[in-house]
Structures are given as C-alpha cells and as structure tokens.
Amino acid sequence: MSVDRARVERLTRELLEAIGEDPDRPGLKQTPTRMGDLYAEFFAGVGEDPAAPLAHTISVSRGPAPDTLPSGAVLLRDIRFRSVCEHHLLPFAGRAHIAYLPGEQVVGLGALVRVVEILAGRPQVQERLGEQIADTIAEHLDTRGVLVVLDASHGCVTMRGGRQPEASTLTIAARGEYTEPIARAELIALIGSSGSGTAHG
C-alpha cells in the first residue's frame, strides 16, 4: 500500500486553514506537495513485509566461508533510524543495535538494516518498534537468541510538554538465550563501548 499523496496534499491545505493560515500565500504554496513527498518517504514501510529481507540466507557450514563458522554473537551497532511517533505524529530518531546468535543460517548484514527501516517506516512507538524487530528476526532467521537495543530522541519530549532537549529513550527487546540477563550483559557492554552515544537528528 502506497501513500495517497494527493489526499495528503488536500488534507495539508485543510490543516493550514484550520490553524488560521492561508495555504496560498507564497511561503506555504508548495507545502502541501512537500508534505505529500515527506509522508510518502516517512511511511514507506506501511504494508511492506519486514521479513522479506531475511528470505535470502547463507549456510555457515556449506557457504562461501565454512572455515569461519561464528562461535558467538553477530552484533551490528549504530544503525541510524528515524520514525514517527503515532501519538503526536512527531519524529523520533536514533540508533539501533542488533545482535543474534546464528544457527546454521546467517543473513547479510544489510538485511538487518532493511528490517529496521521497514518497521520504522510506519507510525510507531519505540517500545513496539524494538519488539517487532526482535520478533521478525527471531521468527524468520535461524537463531538461538536475539537482542535489539534502541536509543532515540523523541520530538514529543524535546519539542513539546516538558521540552527536554537532551533526553533520550533506551529500550531493550530480547528473545531466546538473550532473555537471560547474564547472557546479554556482555553485548550490552559492547554496545555501550561504541562511544557513539545517541543519534539526535
């Protein structure tokens, strides 16, 4: 399902009128079109299957590098993402860190990035986003454990209400072996040692 840009444009004009503005004044004349483009980009994940990028896997024992069988976790840090909070339709953005314990099949690292992008490309809340990423990987990839850590800054916190510009939100979703705190402690430490901090913007 693709975004109905023409309808977004019409509704944007109506919204501008509702706040007392003139949508035909020079500064706002192109705003409805820009909003159509913006929403098409922000909500590109609506209706898209987040498991699709995980369909192509590689055998670790019969693949191109059978002598490099992973004995521990595969950890991909600092995946930058942005989404839109469904409560106020304000953006939130940050970094995702994903780890999984491979079984016989592994996946290209770019596929993990796509899972994040698809699920973030729809109205979201951060807590659910992390859980959905973890579920998608756990259910569609041969893995003994999955850990997803999201660290993000929210427009609804930084720009409205209490206006806390430095506040960020950290969420953790775990599946399989990583539901045990001891099992995930090393990974949490590795993620924290990246020194990148939270992505704000």
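**Exercise 1. Which residues of helix α1 are buried, and why do they lie on the same side of α1?**

Solution. This is a predicted model, in which local features need pLDDT of at least 70, side-chain atom pairs count only at pLDDT 80 or more, and totals for chains, interfaces and linings use all residues. Residues are numbered from 1 along each chain as its sequence is written, and side-chain values use heavy atoms, with hydrogens and water left out.

Step 1. Locate the helix: α1 covers residues 5–18. Helices are DSSP runs of H or I with at least four residues, strands are runs of E with at least two, and both are numbered from the N terminus.

Step 2. Pick out the buried positions of α1, which are V8, T12 and L16. Buried means under 20% relative accessible area, exposed over 50%, and partly exposed in between (1.4 Å probe, protein chains only).

Step 3. These residues share one side of α1 because they cover an arc of only 75 degrees around the axis. The arc is taken from the directions from the helix axis to the C-beta atoms. An α-helix has 3.6 residues a turn, so residues three or four places apart point the same way.

Step 4. Turn to the face pointing away from the buried side of α1; there the exposed residues are R10 and A18.

Step 5. Look for the cover: α2 (31–42) is among what covers the buried residues of α1. Just after α1, G20 has a positive phi of about 90 degrees.

**Exercise 2. What covers the buried residues of α3?**

Solution. Step 1. Helix α3 spans residues 109–120, with 12 residues, and reaches 17 Å from its first C-alpha to its last, close to the 16 Å expected at 1.5 Å a residue. The expected span is 1.5 Å times one less than the number of residues.

Step 1. List the buried residues of α3: A111, L112, V115, V116, I118, L119 and A120.

Step 2. Their cover includes the helices α2 and α4 (126–140), together with the strands β2 (74–85), β3 (91–102), β4 (105–107) and β5 (123–124).

**Exercise 3. How many helices and strands does the chain have, and what share of its residues is buried?**

Solution. Step 1. Count the elements: 6 helices and 7 strands. Along the sequence they run α-α-β-β-β-β-α-β-α-β-α-β-α.

Step 1. Of the 201 residues in the chain, 39% are buried.

Methods. Contact means heavy atoms within 4.5 Å.
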